[in-house]
Amino acid sequence: MTGTRRMVAALFLLPALVLLGALVVYPIGYSVVRSFYDQSGDGFAGIDNYKALFTDEGIRTALKNNVFWVVFAPTVATALGLIFAVLTERVRWGTAFKLVVFMPMAISMLAAGIIFRLVYDQDPDKGVANAVWVGVHDTFAQSSAFPKAHPGRESPLEPAGGGAFITKSPVRAGEPVSLPLVGVAPDLMPDDAKPAVAPKPEPDKVTGTTWQDFTRGKGVGTLNSVDAAELGYAGMRVEAVKDGRVVASTTAGDDGTFTLPASADGAQLRLPESNFKEPYNGLDWLGPSLVTPSIIGAYIWMWAGFAMVLIAAGLAGVPRELLEAARVDGATEWQVFRRVTVPLLAPVLAVVTVTLMINVLKIFDLVFIIAPGSAQDDANVLALELYRKGFSEDQPGIASAISVFLLLLVIPVMWFNVRRLRREVRR
């Protein structure tokens, strides 16, 4: 009877064992063997492919990035999951919040990569990240409204270096000054700009107007003279400079007019470079320096919900008597969290962290999709380098060595996770 039962069990297990052998055991064995052969697969290369893991620049960058991923991504995702699980435990809308946080798990890596490729777009009009960043920046440091403005033909202004412009000759009190500029499209002028007004003389003061010396239509308007349809450069900063030193400064009104005190007499008027500063365009999220942290942010957005759900399940099993006893003994909520809740959740936190570590060791999709071609070398990870070596560069021997190396990295972490799970089952 025992033999019959074993035969029946073997027959039931046979399909699974065949699939396991065909889809797992055979590919692993073949990869191990292939890693010792050269590119053609005919010549034995020994450990040369494994030496390339530590000498090839692309693989070394990928290995460094994988270390960065393993250290930060699981830690931050687990910490956020713990915070979400604890903070939403007592609020009525906690379930709805958990649903929203967990929802990204329903999105594939491909879809998430496309979403965050748009989120990190350099153009603030398209990328949400830069739209927010530029909005915050411009709240504290407004960009110039005249980044393209410059002197036109026969202008009294000339370049002063660094993007500034200065009058060709000194100005005199009581003699109005005209500072015409061109280069700003009429529809891009500030909303508060008003029709320019010709400057009027004032005794013992330097007066003038700075304006957009351009009127739509061929042959319309007089060069270097204020015309009725032309707008003043509202907010333009004007400085009076003597011997390289600013002796007076002012800001043009909505109609472009400005007034300087008598100390400006004999000085040259300068329009400083701050008037023509290009609008702040945000951060280059997908540039060489920020591409890896940006992709990790996308990963955390996806997997923080996974960590939260598992930790919340563990939190539900924490004895409430211990928490209440700590509060009765005078512990603050922070002390209860740090000295009671976290230690009791340590097994769950370890399982979540180790599971995410295994996951990030194999990360491929997000990096491949989010990182543009120009920054893919900087965002490279081992799984992506495996793909590139095996399919783009036709180096299957090195690709096989990378896959074996990844397996060796994952096995200890998997062993630790299984061992801890078995220990928890025995309890």
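**View 1. Pro159 and Phe165 are bridge partners in this predicted model.** Phe165 belongs to strand S2. S2 covers residues 164-167. Strand S1 and S2 run antiparallel, joined by 4 bridges. S1 itself spans 157-161.

**View 2. S1 and S2 belong to an open sheet of 5 strands.** The strand order is S1-S2-S8-S5-S6. Pairing in this sheet is antiparallel. Which strands stand at the edges? They are S1 and strand S6, the latter at 245-251. Each has a single partner strand, so one side of each is left without a neighbour in the sheet. From one strand to the next, the twist averages 30°.

**View 3. Another open sheet has 3 strands.** Here the order reads S3-S4-S7, and the pairing is mixed. Strand S3 (177-181) and strand S7 (257-260) are the edge strands. Each of these two pairs on one side only. The twist of this sheet averages 20° from one strand to the next.

**View 4. Pro180 has its bridge partner in S4.** That partner is Trp211. Strand S4 takes in residues 206-212. How many bridges link S3 and S4? There are 5, and the two strands pair in the parallel sense.

**View 5. Helix H3 packs with helix H12.** Two packed helices are described by the angle between their axes and the distance between the axes. H3 holds residues 57-87, and H12 holds residues 382-392. Their axes are 8 Å apart, at an angle of about 155°. Angles over 145 degrees count as roughly antiparallel, so H3 is roughly antiparallel to H12.

**View 6. Side by side, H3 and H12 meet through named residues.** From H3 come Gly58, Ile59, Ala62, Leu63 and Asn66. From H12 come Leu382, Glu385 and Lys389. What is the make-up of this contact? Its residues divide into 4 nonpolar, 2 polar and 2 charged.

**View 7. Residues 67-87 are annotated as a transmembrane region in an unreviewed UniProt entry.** In the model, this span is 100% helix and 0% strand. Its end C-alpha atoms lie 30 Å apart.

How values were computed: Residues numbered from 1 in each chain as written. Predicted model: local features only at pLDDT ≥ 70, side-chain atom pairs only at ≥ 80, totals over all residues. Heavy atoms only, no water. UniProt positions renumbered as here; feature names shortened; annotations may be inferred. Axes fitted to C-alpha atoms, helices over the stretch in contact; angles between N-to-C directions. Parallel < 35°, antiparallel > 145°, perpendicular 65-115°, else oblique. Contact = heavy atoms within 4.5 Å. Nonpolar A, V, L, I, M, F, W, Y, C, P; charged D, E, K, R; others polar. Pairing = 2+ DSSP bridges.
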